[in-house]
Amino acid sequence: MSRDNLSASPSSYSALLRQCIRHRDLRHGRALHRHLSNLPPSPHLSNSLISLYSKCGDLPAALSVFDSLPPSGRDLVSWSALVSAFARNGLPEEAVSAFVSMLGSGFRPNEYCFSALIQACASDPLFVATGRTAFGFVMKTGFFNSDACVGAALIDLFSKAAGDLGSARRVFDEMSEKNVVVWTLMITRYAQFGFAEEAVRLFVDMGLRGFMPDSFTMSGVTSACAELGSLDLARQLHSWAVRSGVADDVCVGCSLVDMYSKCSSDSIERARRVFDAMPTHNVMSWTAIVSAYVRAGGRDREAIAMYVAMLEWGAPNHFTLSSVLKACAGLADPSAAEQVYAHAVKLGFASADHVGNAFVAAYAKSGRVEEARKAFELLLEKNLIAYNTMVDGYARGSDSEAAFDMFLEIECGASAFTYASLLSAAASVGAMGKGQQIHARVLKTGFDADLCVTNALVSMYSRCGDIEDATRIFDATGVGERNVITWTSMITGLAKHGHGRRALDVFKEMVGAGANPNEVTYVAVLSACSHAGLIEEAKAHFASMRGKHGIAPRMEHYACMVDVLGRAGELSEAVALIEGMPFMADALVWRTLLGACGVWGEVGLGERAAKQVLELEPGDMAARVLMSNLYAKAGRFEGVAEIRRRMRQRGLNKEAGCSWVEVGGAVHRFFVGDTTHGRVREIYAKLEELMHEIKALGYVPETGLVMHEVEGEEMKERCLMQHSEKIAVAFGLISTAAPRPIRVFKNLRVCGDCHAAMKLISVATGREIVVRDSNRFHHFKGGDCSCGDYW
């Protein structure tokens, strides 16, 4: 028409503008605006232009059109379009001002103008009071039930801005006319605010009232289902989506993928089938499936594979990159993370907070904390997530001092996760003093009410050797407030401290309270049975895993059962259990059997177990040490010599033992034969004194356990005396006063000689000695150990 120099009528321009508004087509809309300059002024067309520009995000152009209208040319639609433009662009103050100016110009607002005003107030909590005033105005003028858009705006005002879902629901219930949009809005708000069950009930009610949910409704209710974690409900919703024809919608498909991945880690295959069945994909659907694999746990390689496949389809966004970086972190593969981050830099997403944070986390979780710190320093804006990532990274690396230093740098306010990570850092090195300081800060800041922090406190006190304080924290938490982590932390702590019966009582209480145990809980329960020598109880709990709770035993559970049977001397039954496993036993299982053989002196079976371990893990030192000790115990010193010879050939060295003790808020570390401490003369003088005293009590050094090439019994005794845990105990004795227990922590299992010595030292000094080794706690008191001489 334009090429033929034909002029269009105002009605034609109006129709074209409506199409531009519907499709958010700003380019053609501007072209039409230029042509309109040749026509006489038309309030109707000007109003359409205001709406076009505001909906397309060009507020200055919308204001320019409004200002170009003479006051006499502005009608109610013009003013409504202006209020709506401000509302749409998040400018509530300007929207309210325009509404007041409209009233001053003599116009009486209609339902659409009220809806725009209330939407503007809903965008900012500071304008809730103004919105409530508008609500009163609506009720007074009788527009509440004139159109569903008014009720929808009020629902948003009360729920989104005021956080008052009760008032939002009352508005919903009072509406005489509801459409699908209103139902969907209420369902979505319930889901967003954590009222998942109410959202699902409302969805069911919607169907019963004859309304047909659309794709937006489905997205809202699937989000609620994901929050509930109900796989049965997920299947029903999926079936309904297929029957109603909305399953092919890409947004619904994304929601279904997300729903399945959040309902159960075992549902990732269902999520993948939904993804594969989608007729079209966009960046959201690819991101959903990548995130689903990451969330599933142990499926990080598939997440990266999907990311690679996505690159053949098109470009990722910052959310995709963040998810795939999490997969790299899960694999502890910093080189892959570096490649992904390079891609993020190329695409211009490197400055996004969550991409940078995920890159820092990839380094931190790979144990490369220094690189993580460098990546952290390069972040343009360091938010709390970034700080928490670094604190957690230092905690994972048992660098509690660095974790606390990072905590002191936080300027944006610590969160519950920060305190939980700090408590974990303190627990990792047994720094109870630091842990107690953090506990005091937790109480001061009010985070003691947070369950994540409570769980961390239970774990911290337990891992630092104070099981009674851990119990007090646990008992102070209401039964209804505890989650599976709370229960499991307490059971694990009691088991590690040798309180098997108490651990099983807590498990019984857990099940009685309706809490569902998970795989980790059962590892703790079976460990408790092992530490307490409860063989029949262990068998019963092992059988109930699948029968009562649908949990298939994993490698760790079989290792626990081998430990239980080994402790009881039922080595033949342990071997039968291993041979009957539904999968190949790993080094952990065989190493556990080897440890039991060492206790019972079963050299032949021990050799078989050691051979299996070394075939699976040729560089394993623990198996060689255990086998050497077994040979020495049996008097087969040629076997000990052969192990040492092979170790020399392979260039293998026993990992250096390191023990530490916290005194005066500082952690003091000691290695074998350590002479670097400032009080070294006092420490060794105390050691000589202790050796003299415990020999008088019957101590005989187990020189056969010495792995080094040393000539003479006297030199071997000297080597045993200089073990790191003995040095740490001596330092604890000269640095602390009775009756305070001495708490020592060691990176390896405590050796048999040190174990025997500690029992007698507790008699000679009258002090309780608590040693946490790599396997459990040993409470030495009055010549006995809580482990019952089995560890």
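A: A crossing of two helices is left-handed if the near helix is turned anticlockwise from the far one by less than a right angle, and right-handed if clockwise. The model is predicted: local features need pLDDT of at least 70, side-chain atom pairs count only at pLDDT 80 or more, and totals for chains, interfaces and linings use all residues. Residues are numbered from 1 along each chain as its sequence is written, and side-chain values use heavy atoms, with hydrogens and water left out.

The part to look at is helix H20, residues 334-347 (helices are DSSP runs of H or I with at least four residues, numbered from the N terminus). H20 has 14 residues and spans 20 Å from first C-alpha to last, close to the expected 20 Å (1.5 Å times one less than the number of residues). Just after H20 comes glycine 348, with a positive phi of about 85°.

Pro334, Ala336, Ala337, Val340, His343 and Ala344 are the buried residues of H20 (under 20% relative accessible area with a 1.4 Å probe, protein chains only; exposed is over 50%, partly exposed in between). Their cover includes helix H18 (300-313), helix H19 (318-330) and helix H21 (353-365).

Take H21 from that list. The axes of H20 and H21 come within 9 Å and cross at roughly 165° (axes are lines fitted to C-alpha atoms over the stretch in contact, and angles between N-to-C directions run from 0 to 180 degrees). H20 and H21 are therefore roughly antiparallel (over 145 degrees; under 35 is roughly parallel, 65 to 115 roughly perpendicular, the rest oblique). H20 passes H21 in a left-handed crossing. On the H20 side, the contact (heavy atoms within 4.5 Å) is made by Pro334, Ala337, Glu338, Tyr341 and Ala344. Val355, Phe359, Ala362 and Tyr363 make it on the H21 side. By class, these residues are 8 nonpolar, no polar and 1 charged (nonpolar: Ala, Val, Leu, Ile, Met, Phe, Trp, Tyr, Cys and Pro; charged: Asp, Glu, Lys and Arg; polar: the others, Gly among them).

The axes of helix H29 (residues 484-496) and helix H30 (residues 500-512) come within 7 Å and cross at roughly 165°, which makes H29 roughly antiparallel to H30. H29 passes H30 in a left-handed crossing.

Conventions
Helices (H or I, at least four residues) and strands (E, at least two) are DSSP runs, numbered from the N terminus.
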